Amino acid sequence: MAFPGVQKKSRTNNCCKFGLAKRIVADIVISVCFIHVSPLKAQFGDNEQLMAAAIMFSDSLFERAIEEFKAIIDTTNLASDELEMARFYIAFSHYSLLQAESVVWIRSILKENINARPNTVFFKPKYQSHFRYEREQMLGTLQLRTEPPGAKVYIDNVFAGNTPMDTVLVSDAY
């Protein structure tokens, strides 16, 4: 890979201070490029729309990132992990803009997957702590006991188990 202003030196010339400095600069540039793209590539594969929207988020273009992620969710058939990740990006974009809608998106994430956690590679600790705080506020434990035990329990018309039962739910109407 060629870089403007960086000349390739032969092994015998690499000891030259100037040539070595150029070589180090080139290696740093290469490393930064791969660090910025590789985790996104690992998460989103070949979905360039998701990668572009995630880069908008990382560049603090939160309003544009929200628009892009919403458009992608509305028009694309995403895998469940991609959908969850897109929702995290939207939630944290709203949080960065100090908008309460962040909580709505966190609730939607937890309704789909009560065990969801933001990826530590993509999201700074402030986003992770915001998520943990909101998650603690939204979750509650439902304890069901019946006499006799063994009653079938359905939550939103989905079989959840038999009594006695303890389960964690997002606070909401069921």
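Student: Which residues of α2 meet which residues of α3?
Tutor: On the α2 side they are Gln49, Leu50, Ala53, Ala54, Met56 and Phe57, and they meet Phe62, Arg64, Ala65, Glu68, Phe69 and Ile72 in α3. Keep in mind that this is a predicted model.

Student: How do the residues of that contact divide into nonpolar, polar and charged?
Tutor: The contact of α2 with α3 has nine nonpolar residues, one polar and two charged.

Student: At what angle do α2 and α3 pack, and how far apart are the axes?
Tutor: The angle is about 160°, and the axes are 8 Å apart. Helix α3 covers residues 62–75. Angles over 145 degrees count as roughly antiparallel, so α2 is roughly antiparallel to α3.

Student: Left-handed or right-handed crossing?
Tutor: Left-handed, as α2 passes α3.

Student: Switching to aromatics. How many aromatic pairs are there in the whole structure?
Tutor: A search of the whole structure gives 14. One of them is Phe57 with Tyr89, an edge-to-face pair at 5.1 Å centre to centre with 80° between the planes.

Student: Where in the chain do Phe57 and Tyr89 sit?
Tutor: Phe57 is in helix α2, residues 48–58, and Tyr89 is in helix α4, residues 80–96. The two are 32 residues apart, so the pair links distant parts of the chain.

Student: Are those two buried or exposed?
Tutor: Phe57 is buried, and Tyr89 is buried as well.

Student: What about Phe57 and Tyr127, what kind of pair do they form?
Tutor: A tilted one, with 5.5 Å centre to centre and 50° between the planes. Tyr127 lies in helix α6, residues 125–138, and Phe57 in α2, so this pair ties together parts that are 70 residues apart in sequence. Tyr127 is buried, like Phe57.

Student: Which residues do ring pairs link into a cluster?
Tutor: The cluster consists of Phe57, Phe62, Phe69, Phe88, Tyr89, Phe92, Tyr95, Phe123, Tyr127 and Phe131.

Student: On to α4 and α5. How do their axes cross?
Tutor: The axes come within 7 Å and cross at roughly 160°. That makes α4 roughly antiparallel to α5. Helix α5 runs over residues 101–112, and α4 passes α5 in a left-handed crossing.

Student: Which residues make the contact?
Tutor: From α4 they are Glu84, Arg87, Phe88, Ile90, Ala91, His94 and Tyr95. From α5 they are Glu101, Ser102, Trp105, Ile106, Ser108, Ile109 and Glu112.

Student: And the split into nonpolar, polar and charged there?
Tutor: Seven nonpolar, three polar and four charged for the contact of α4 with α5. Phe88 and Tyr95 of that contact are also members of the ring cluster.

Student: Is Ser102 buried or exposed, and what does Ser102 touch?
Tutor: Ser102 has a relative accessible area of 2%, so Ser102 is buried. Leaving aside neighbours within four places in sequence, Ser102 is in contact with Ala91, His94, Tyr95 and His130. Among them, Ala91, His94 and Tyr95 are α4 residues of the contact with α5.

Student: One more. Where is Glu82, and why does Glu82 count as it does for burial?
Tutor: Glu82 lies in helix α4. The cut-off for buried is under 20% relative accessible area, and Glu82 is at 14%, so Glu82 counts as buried.

Student: What does Glu82 touch?
Tutor: Not counting residues up to four places away in sequence, Glu82 touches Phe44, Asn47 and Leu50.

Note on methods
Residues are numbered from 1 along each chain as its sequence is written. This is a predicted model: local features need pLDDT of at least 70, side-chain atom pairs count only at pLDDT 80 or more; totals for chains, interfaces and linings use all residues. Side-chain values use heavy atoms; hydrogens and water are left out. Rings of Phe, Tyr and Trp (its six-membered ring) pair if their centres lie within 6.5 Å; planes under 30 degrees apart count as stacked, over 60 as edge-to-face and the rest as tilted. Helices (H or I, at least four residues) and strands (E, at least two) are DSSP runs, numbered from the N terminus. Buried means under 20% relative accessible area, exposed over 50%, partly exposed in between (1.4 Å probe, protein chains only). Axes are lines fitted to C-alpha atoms, for helices over the stretch in contact, and angles run from 0 to 180 degrees between N-to-C directions. Angles under 35 degrees count as roughly parallel, over 145 as roughly antiparallel, 65 to 115 as roughly perpendicular and the rest as oblique. A crossing is left-handed if the near helix is turned anticlockwise from the far one by less than a right angle, and right-handed if clockwise. Contact means heavy atoms within 4.5 Å. Ala, Val, Leu, Ile, Met, Phe, Trp, Tyr, Cys and Pro count as nonpolar, Asp, Glu, Lys and Arg as charged, and the others, Gly among them, as polar.
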